[in-house]
Amino acid sequence: MTTNPFNICPTCAHIKTCVLTEMKEKVWSCSEYDEAQPKSVKTDNNMPEHQIVLA
């Protein structure tokens, strides 16, 4: 894919399954765009992130 500073496809969560266009190097706006989320980072503790600890 050619690099284009306005191209949103490389950061889209649906790039591998998108059938809206074959010209993904030219896309700068899309109603189906969802930004890909980075993989969650595991921490060393075993508690869920939002767990409240009562003493």
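Modeller: Let's start with the chain overall: among contacts (heavy atoms within 4.5 Å) with a separation of 6 or more, residues 24 or more positions apart account for 13%. Keep in mind that this is a predicted model, where local features need pLDDT of at least 70 and side-chain atom pairs need 80 or more, while totals for chains, interfaces and linings take in all residues. Numbering runs from 1 along each chain as its sequence is written, and side-chain values use heavy atoms, with hydrogens and water left out. Of the 55 residues in the chain, 11% are buried; buried is under 20% relative accessible area, exposed is over 50%, and partly exposed lies in between (1.4 Å probe, protein chains only).

Now for the part I'd zoom in on: the cysteines. Searching the whole structure for disulfides (cysteine sulfur pairs within 2.5 Å) turns up zero. As background, a disulfide is a covalent bond between the sulfur atoms of two cysteines.

Take cysteine 9. With a relative accessible area of 10%, cysteine 9 is buried. Its sulfur has the one in cysteine 18 as its closest cysteine sulfur, but they sit 6.2 Å apart, so that is too far for a bond. Move on to cysteine 18, and the closest cysteine sulfur is in cysteine 30, at 5.9 Å, again too far for a bond. Cysteine 18 is partly exposed, at 25% relative accessible area.

Cysteine 9 also has a neighbour worth a look, asparagine 7. Polar contacts here are N or O pairs within 3.5 Å, one able to donate a hydrogen and the other to accept it, with sequence-adjacent residues counted only if both atoms are side-chain atoms. The asparagine 7 side chain reaches the backbone nitrogen of cysteine 9 at 2.8 Å. That side chain also reaches the backbone oxygen of glutamate 25, at 3.4 Å. Asparagine 7 is itself buried, with a relative accessible area of 11%.

Leaving aside residues up to four places away in sequence, histidine 14 touches Glu32 and Asp34. Histidine 14 is partly exposed, with a relative accessible area of 31%.
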